[in-house]
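Hi,

Here is the structure I promised to pass on. Have a look at it first, and then read my notes below.

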Amino acid sequence: MVAVTELGYVCFGVADLGAWRDFAGGILGLEVTQEPAHPGKLFLRTDYWHHRILLEENGADDLTGAGLRVAGAEEFASMRAQLEAGGVKVTTGSSQQAAERYVHEVMFVRDPADNPLEIFHGPRVDPHRPFHPARPRHGRFLTGDGGVGHMILRNKGLDEAYAFYRLLGMRGGVEYRVPLPDGNEAQVLFMHCNERDHTFAFGPPGRKSINHLMLQVDNLDDLFMTQELVQASEYPILISLGRHANDHMLSFYCQSPSGWMVEIGWGGRPATHQSEYYTRDTFGHVPAADRMGPGMSIDRE
Ligand SMILES: [Fe+2]
């Protein structure tokens, strides 16, 4: 079975590209670049890759493509066959679409909840262009073999999500079973494809494709520096500082200019590759309930 190896890049349609430039550069401390060949787009960097986040100005304010990497051309062809054998409609990207993403080849699929996925191989890596953050920072973003980070995506049923992402070679299971006041429990499914604890997670249904994008920093001072910059900004913290029970990530969540959340994390542990579950987080992660939209409460304890 062929498997995806990492969440290599993510693409978003955003209504206010100027606000995102200031947020991504001045607050989050990403590198913000542009390409003459692609006016109207912002390419955000966190490491040596050409980019890890692509922003295009449109009114979606949502995920437009989650780029999942496969090892090379052979795996790319095998993955297409694997998906088609599983009944998934695959659209092969043109050379122009691959060029716009700075990859060798790309294909497009939709998951059961209509989330837009892009499977690619051969990202452009620029070792001659060291990561140059838009503001000073103490350390770096943790990417490497773990990919850009993780996301919680919309789902139309955890069983359907599990079956689809297994077809991509990912593994995982339900890691949170949170008791609810009515006697039921809320379940959250986590899937991984490398040593990052999880690449995608799925909880209660939401309207947008994305609930949040997590970016991990390797220096604790950067976590608190970013939190201070958020607190001094117009963007509210929607889930307070806390530590997740599953990946041990110390993190907080703030609202992005597109409404969905960005989680800044530090100290997460690698994937355990064994199933277990929790009923709440270790501490903290208190949601600002009055600001939470539908489907936004899945990270609460
Ligand atoms: Fe997260």
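Let me start with helix α4 (residues 158–167), where L158, A161, F164, Y165 and L167 are buried. Buried here means under 20% relative accessible area, exposed means over 50%, and partly exposed is in between (1.4 Å probe, protein chains only). Helices (H or I, at least four residues) and strands (E, at least two) are DSSP runs, numbered from the N terminus. Just after α4, G169 takes a positive phi of about 90°.

Some ground rules before the rest. This is a predicted model, so local features need pLDDT of at least 70 and side-chain atom pairs count only at pLDDT 80 or more, while totals for chains, interfaces and linings use all residues. Residues are numbered from 1 along each chain as its sequence is written, and side-chain values use heavy atoms, with hydrogens and water left out.

On to the metal. H150 (NE2), H212 (NE2) and E263 (OE) coordinate the iron ion at 2.0 to 2.2 Å. Donors are N, O and S atoms within 2.8 Å of the metal (3.2 Å for Na, K and Ca); water is not among the atoms, so sites may look incomplete. The spacing of the donor residues in sequence is H-x61-H-x50-E. H212 sits in strand β13 (residues 210–217) and E263 in strand β16 (residues 261–266), so this pair ties together parts that are 51 residues apart in sequence. H212 and E263 are both buried.

Next, the packing. A nonpolar core is a set of buried Ala, Val, Leu, Ile, Met, Phe, Trp, Tyr and Cys residues joined through side-chain atoms within 4.5 Å. The largest one has 62 residues, and F12, M151, Y165, L168 and F200 touch the most other members. Helix α1 (residues 17–27) supplies the largest share of this core, six residues. Domain 1 (6–123) and domain 2 (144–291) both give residues to the core, so it lies between them; the domain bounds come from an automatic or database domain assignment. Apart from this core lies another, of 11 residues, with L54, V103, F108 and F120 among them.

H38 is in the loop between β2 (31–33) and β3 (41–45), and at 15% relative accessibility H38 counts as buried. Not counting residues up to four places away in sequence, H38 touches F43, A99, E100 and Y102. G268 lies in the loop between β16 and β17 (283–284) and, at 24% relative accessibility, counts as partly exposed. Beyond four places in sequence, G268 is in contact with Q216, D247, H248 and M249.

Finally, the whole chain. Its secondary structure comes to five helices and 17 strands. Of the 301 residues, 55% count as buried. Among contacts with a separation of 6 or more, 68% are between residues 24 or more positions apart. The C-alpha atoms fill a box of roughly 50 × 45 × 35 Å along the principal axes.

Cheers

Methods:
Contact means heavy atoms within 4.5 Å.
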